[in-house]
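Subject: Handover of a structure for your review

Dear colleague,

Please find below the structure that I am passing on to you, followed by a short account of the findings.

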Amino acid sequence: MDKNKKIGLVSLIMMIFSSIFGFANMPVAFLQMGYASIIWYIFAAIFFFLPVAMMLAEYGATFKEEEGGIYSWLTHTLGEKWAFIGTFIWLSSWIIWLLSISSKVYIPFSAMLFGKDLTQTWAFGPFNATQVIGLLGILWMLLVTFCASRGVNVISKVSSIGGTFVSAMVVVFLVATGIAFVASHGQMQEALTVHSLVKAPNPAFQSPVATMSFVVYAIFAYAGLESLGGIIDSIDQPEKTFPKGLLISSLLIAAAYSLMILLWGVSTNWQRDLSGDSVNLGNITYVMMQHLGVYLGQTLGLKASTSALIGNIFIRFVGLGMFLAYVGSFFILIYSPIKSFILGSKHLWPEKMTKLNKYGIPEFAMWMQALLVCILIFLISFGGGQAKTFYTILTDMSNVSTSFPYLFLVGAFPIFKKKAFDQPFEVYKKHGWTQVITLISFLIILFGIIFTCVQPFLDGDYVTGFWTIIGPIFFGGLAWLIYRQAEKKTK
């Protein structure tokens with residue numbers, strides 16, 4: 001790449017949009033809160049995405065020569081100990097992603113092969129379907145760890161193919177929904193009223209605490225901001241271009257999420273189509289795409305068998321795309337985050353953990369990661385819950401562990417400003433405004449996490465509550481023990 005060629009406004013907007021926007025976030029939002037999720041997506045864009053991205057941009061620009069990403073940012077700001085703990089919790093969000101996708105990968109596989117999610121029927125011998133998926137998830141984790149530790153990363157190229165399929169699915173969704181909307185003379189399957197925009201149809205999201213806990217889902221939809229910090233020095237006139245690009249991107253992403261959540265109501269009725277036990281956070285995208293295909297055929301006056309065929313094609317197509325995207329991402333993320341973190345904090349780890357094999361991969365550390373993920377999959381899948389509970393646990397764990405590291409990054413920001421580093425890029429110039437904005441963003445993330453953790457306990461669902469809360473506590477505690485051990489060795 002030509003070093004003199006700088007990223008312009010339009011290119012920056014496209015980069016931000018493509019790295020943050022996720023098609024699967026909208027079916028999840030519709031299942032959890034229906035149209036009422038829209039207001040939280042807009043809220044998160046204004047009070048989380050926009051201010052926090054500006055903070056991370058300042059970190060990234062100031063420490064652009066440093067390796068180690070957020071670990072080096074926090075080391076300079078909070079000191080090595082809290083940097084290690086905070087970054088370890090950030091790493092745990094990727095470990096929990098691996099845990100979640102190990103089990104979820106079989107849903108698009110089933111959708112692709114059979115035209116429906118049959119994973120809930122995969123009981124075998126003494127094991128129920130959830131336990132079988134757990135065991136298959138363990139086998140998947142071991143297989144990918146074995147392949148990736150031997151440098152077999154060619155398969156990661158399928159990620160871009162899967163991404164192309166998922167992008168094509170967005171186009172199919174928009175075109176099919178538009179045709180169905182016109183053919184049905186503007187009729188919405190889910191009635192659009194003022195009441196539906198503020199109150200969720202889902203019985204699980206009726207209380208104020210449950211509603212507030214949805215903030216974490218909205219924050220998760222804007223996750224990945226930390227990657228933006230490293231591109232500041234490549235932007236043309238960053239002081240002007242980055243804030244402008246971020247503002248436009250946040251408006252575009254919030255508008256796209258809001259519009260597409262509304263459009264799901266054209267083909268899907270929450271009570272009729274989503275309230276059953278067979279629908280869960282793992283298969284929701286495939287279920288809703290199939291409904292859209294069937295509904296499209298019905299509005300065009302096609303035979304029931306033809307409508308069912310269109311639904312079948314839709315679910316197989318999105319199943320193939322998501323399966324390829326999951327597989328490709330998995331092969332990258334199984335070693336990339338752990339490698340960058342361990343090598344960035346090499347002196348704090350036992351020598352075995354940092355040793356690279358002939359393929360340049362920390363093989364022992366990867367097998368330790370695999371062992372941890374396999375134990376967690378086993379404990380959750382054999383914990384007695386049904387599929388719906390299983391996928392709720394995986395989703396809540398992912399959301400909380402992804403949101404938690406932002407508490408460190410946002411909480412450290414006033415200290416970062418106080419240390420008066422030489423800043424090539426600066427948005428927050430007034431001390432008072434910096435304090436106010438930091439506090440608001442910090443409290444939104446904090447209370448979102450607290451409400452997500454508390455809600456299952458209020459509902460009497462102690463298993464979901466335990467697993468939701470255990471991630472940051474377990475990984476934070478483990479990080480503290482590793483750091484303490486390293487401290488003892490250096491004394």
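This is a predicted model: local features need pLDDT of at least 70, side-chain atom pairs count only at pLDDT 80 or more; totals for chains, interfaces and linings use all residues.

Residues are numbered from 1 along each chain as its sequence is written, and side-chain values use heavy atoms, with hydrogens and water left out. Helices are DSSP runs (H or I, at least four residues), numbered from the N terminus.

Helix α21 has a kink of about 45° at Ile470, shortly before the proline Pro472; the bend is the angle between axes fitted to the seven residues ending there and the seven starting there. Its buried residues (under 20% relative accessible area, 1.4 Å probe, protein chains only) include Trp467, Gly471, Pro472, Phe475 and Tyr483. Among the elements covering the buried residues of α21 are α5, α17 (363–381), α18 (387–411) and α20 (431–458).

Phe457 lies in α20 and, at 33% relative accessibility, counts as partly exposed (between 20% and 50%). Leaving aside residues up to four places away in sequence, Phe457 touches Tyr462, Gly465 and Phe466, where contact means heavy atoms within 4.5 Å.

Helices α5 (residues 80–104) and α6 (residues 106–114) pack at an angle of about 25°, with their axes 5 Å apart. Axes are lines fitted to C-alpha atoms over the stretch in contact, and angles run from 0 to 180 degrees between N-to-C directions. The two helices are therefore roughly parallel (angles under 35 degrees). Ser102, Ser103 and Lys104 of α5 meet Tyr106, Ile107 and Pro108 of α6. Within α6, Tyr106, Ile107, Pro108, Ser110, Ala111 and Met112 are buried, and the elements covering them include α5, α7 (129–148), α13 (284–299), α14 (304–333) and α18. Gly115, with a positive phi near 80°, follows α6.

Finally, His185 is a residue other than glycine with a positive phi, near 60°. His185 is placed in the loop between α8 (158–183) and α9 (194–198) and, at 76% relative accessibility, counts as exposed (over 50%).

Yours sincerely

Technical notes: Angles under 35 degrees count as roughly parallel, over 145 as roughly antiparallel, 65 to 115 as roughly perpendicular and the rest as oblique.
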